[in-house]
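Subject: Structure handover

Hi,

Here is the structure for your files. My notes on it follow below.

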Amino acid sequence: QVQVVESGGGLVQPGGSLKLSCAASGRPFSANVMGWYRQTPGKERELVAQMFSDGRIDYADSVKGRFTIGRDNDKNTAYLQMNSLKPDDTAVYYCTADIGSGPLAFRAWGQGTRVTVSA
């Protein structure tokens, strides 16, 4: 079983910064992809950023130039540095770890950490 735990959410003013952290643990594994999703009430969960084990990175258009994802492949940890935050960034942020390949592949989700951007 794999557990994913996020930390670092909170309240921040518009224009401020926040760093989210994530740790995946459990039976020995190597996450192929570690990512961050977010969700607000009434909306579908959306991909914010993801980083592959080979270093490739994808960002949602809405966060490009403001957010930075990083990870430590050996430790199965990841972070999301969020700068120039906007009220529209308010959401519950979830960390994910994609593990395995083929029919045994699965995605582990964290419980989420809330980010509120408000004056």
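D89 is buried, with a relative accessible area of 1%; buried means under 20%, exposed over 50%, and partly exposed in between, with a 1.4 Å probe and protein chains only. This is a predicted model, so local features need pLDDT of at least 70 and side-chain atom pairs count only at pLDDT 80 or more, while totals for chains, interfaces and linings use all residues. Residues are numbered from 1 along each chain as its sequence is written, and side-chain values use heavy atoms, with hydrogens and water left out.

Salt bridges

D89 forms a salt bridge with R38, and their closest N and O atoms are 3.0 Å apart. The term means a side-chain nitrogen of Lys or Arg within 4 Å of a carboxyl oxygen of Asp or Glu. R38 is buried too, at 6% relative accessibility. The pair links distant parts of the chain. R38 is in strand 4, and D89 is in the loop between strand 8 (77-82) and strand 9, 51 residues apart. Strands here are DSSP runs of E with at least two residues, numbered from the N terminus. R38 and D89 also belong to a network of salt bridges with E46 and R66.

The whole structure has six salt bridges. Among them is R56 with D54, at 2.9 Å from N to O. R56 is partly exposed at 48%. D54 is exposed at 52%. Another joins D61 to K64, with the closest N and O atoms 3.1 Å apart. D61 and K64 are both exposed.

Strand 9 and its partners

Strand 9 covers residues 91-99, and nine of its nine residues are buried. Which strands pair with strand 9 in the antiparallel sense? Strand 4 (residues 31-39) does, through eight bridges. Two strands count as paired if DSSP finds at least two bridges between them. A31 stands opposite I99 in this pairing. Strand 11 (residues 113-117) is joined to strand 9 by three bridges, also antiparallel. There, Y93 has T113 as its bridge partner. Strand 10 (residues 106-109) pairs with strand 9 over four antiparallel bridges. A97 has A108 as its bridge partner in strand 10. The hairpin of strand 9 and strand 10 has six residues between the strands. In that hairpin, G100 takes a positive phi near 80°.

An open sheet of four strands has the order 1-3-8-7, with antiparallel pairing. Its edge strands are strand 1 (2-7) and strand 7 (67-72), each pairing on one side only. Neighbouring strands are turned by 15° against each other on average, direction ignored. The axes are lines fitted to C-alpha atoms, for helices over the stretch in contact, and angles run from 0 to 180 degrees between N-to-C directions. Six bridges join strand 1 to strand 3 (residues 18-26) in the antiparallel sense. S7 stands opposite S21 in strand 3.

M51

M51 sits in strand 5 (residues 46-52). Is M51 buried or exposed? M51 is buried, at 14% relative accessible area. What does M51 touch, leaving out residues up to four places away in sequence? The contacts, meaning heavy atoms within 4.5 Å, are N32, V33, M34, R56, I57, I69, G70 and R71. V33 is 18 residues from M51 in sequence, and the two are 5.6 Å apart in space, C-alpha to C-alpha. R56, on that contact list, is the residue that meets D54 in a salt bridge.

Best regards
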